[in-house]
Amino acid sequence: MKPEAYTHTINGAGESSPGQIGVIDPSCGSVFAQCPDASREQLDRAVEAARTSSGSWRRLGFDGRRAYLEKFAAALRDNIEELTPLLTQEQGKPLDQSRAEILRAAESTPRLCELAVEDEVLKETPAERVELRHRPLGVVGVISPWNAPIGLAVLRMAQALYAGNTVVAKPSPYTPLTTLKVGEIARGIFPAGAVNVLAGGDDLGRWMTEHPGIDKISFTGSVRTGKRVMASAAASLKRVTLELGGNDPAIVLPDVDLKQAAQQIFWTAFRNSGQICMAIKRLFVHEAIYEPMIEELAAIARRAKVGNGTEPGVDFGPLQNKMQFDIVSSLLADTRALPGVRIVTGGAPLDRPGYFVPPTIVADIADDTRLVREEPFGPVLPVLKFSDVDDAIARANDTRYGLGASVWSSDLDVARDIADRLEAGTTWINCHLVSDVHTPFGGCKESGLGRANSLFGIKEDMEMNVLRIRKAA
Ligand code: NAD
């Protein structure tokens, strides 16, 4: 059988590259496919194509662009059976979660396009009229990570396109294949040049941030790379939206329904093997329920099935790549060596091929440890004890991150008071991780800059323009 050929989408056509990247299946650690590694010349042509098609794409208006995006979303759905196993093979997550990610992208795209960006009249007098309008930026570069390759790439692309921009998108080199397939699907739908998808390494991302033909970078990834993107974009004052890492705290008060809260907290912390920017990563539990909460969480962890994402009934696949597996393994080794720390369940990588780490619950750990200070981005949850709510809030806020935070209590007034004092882009009460495309999403502090989704997100992919009219010439 001929191996599947994966191609970039440049100016509406498929293209390969002399350079290739080996794509690894994280459930066994072996290369299972090759994908093209875009050259600088290919990026130049993609940007040129995006610039050329920019005028006609913009003139379609919101209604015209919505029609294209609805067709695109329908085509994603039509191809879901082909895309799902590929996403699982390159990313590692169980098949049902891959399917859910693609379906959510397909459903969220037309939902985003329900929103209307209206011009506003800021002032109207007999002598003068002032209007505020929003115009597309031109070409948006979309750079995405490996934890939710399709969910993130498709939504950022859809938002930029709906706003009237053309797009050059680059997936992570760890998970390029499904996004290249999405580019192939887009080829058959959008006008040539409106949607370009190129696979490549970190250099390709850097070239995009430096490229004079790209007007904005819509970046999702780590804080470290986000800072580089911003520094590089400064040379041409490119616009940036940065959706970066998190170390989300959750504060649990003693009046919760223990079993129910534990269930929700567990799956929120561990879904996708903890590789979600806004997963719960530091769990502060009141001393009155500290031990029972740990027991509930550990019991769920012990029942969870870890394995190859293609096996039926698997809850957690492997970590996505060797780099992340090494980071999590080293965090666990450091944690195990700390005196007095209790590894309640899990605690070490599984002794098998692939990048498997079981869900790990850690108790009695101090706040100034690596596991608590750093974003683990893996299936490891430190459970921290508190007795005083003010102290818990101060400890929750004692981080450079500010993506999400949650409070769990049956007293909504008390929970709201606490939520008001937590530093985060999203604060939840009695849930975490819940989001939808009509709600702005993003972080404060070092978790990011700007917002995605909602009217706020769409407007971030646009430039404000003020029209001031003196009525008498
Ligand atoms: P990463 O920053 O290493 O890579 C992200 C993307 O940036 C990749 O496509 C990579 O090739 C590219 N890149 C690397 N160097 C670059 C450079 N100098 N210039 C431009 N692009 C460059 O992140 P990752 O390891 O792929 O993803 C994990 C991180 O992403 C975690 O910190 C996670 O919290 C974060 N994340 C944030 C969100 C959010 O919406 N806030 C969502 C998902 C993941």
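## Basis of the description

A residue is called buried under 20% relative accessible area, exposed over 50% and partly exposed in between, with a 1.4 Å probe and protein chains only. The structure is a predicted model, in which local features need pLDDT of at least 70 and side-chain atom pairs count only at pLDDT 80 or more, while totals for chains, interfaces and linings use all residues. Residues are numbered from 1 along each chain as its sequence is written, and side-chain values use heavy atoms, with hydrogens and water left out.

A salt bridge is taken as a side-chain nitrogen of Lys or Arg within 4 Å of a carboxyl oxygen of Asp or Glu. Across the whole structure, 36 such salt bridges are found.

One of them joins arginine 206 to glutamate 210, with the closest N and O atoms 3.5 Å apart. Helices (H or I, at least four residues) and strands (E, at least two) are DSSP runs, numbered from the N terminus. Because arginine 206 and glutamate 210 lie four residues apart in helix H7 (residues 202-210), about one helical turn separates them. Arginine 206 is partly exposed, at a relative accessible area of 39%, and glutamate 210 is also partly exposed, at 39%.

Another salt bridge pairs glutamate 131 with arginine 129, where the closest N and O atoms are 2.6 Å apart. Glutamate 131 counts as buried because its relative accessibility is 15%, whereas arginine 129, at 24%, is partly exposed.

## A link between distant parts and a network

Lysine 445 forms a salt bridge with glutamate 423, and their closest N and O atoms are 2.6 Å apart. This pair links distant parts of the chain, 22 residues apart: lysine 445 is in the loop between strand S18 (426-429) and strand S19 (448-449), and glutamate 423 is in the loop between H14 and S18. Lysine 445 has a relative accessible area of 35% and is therefore partly exposed; glutamate 423, at 40%, also counts as partly exposed.

Salt bridges also connect Lys123, Glu128, Arg468 and Arg470 in a network.

Aspartate 411 is partly exposed, as its relative accessible area is 33%.
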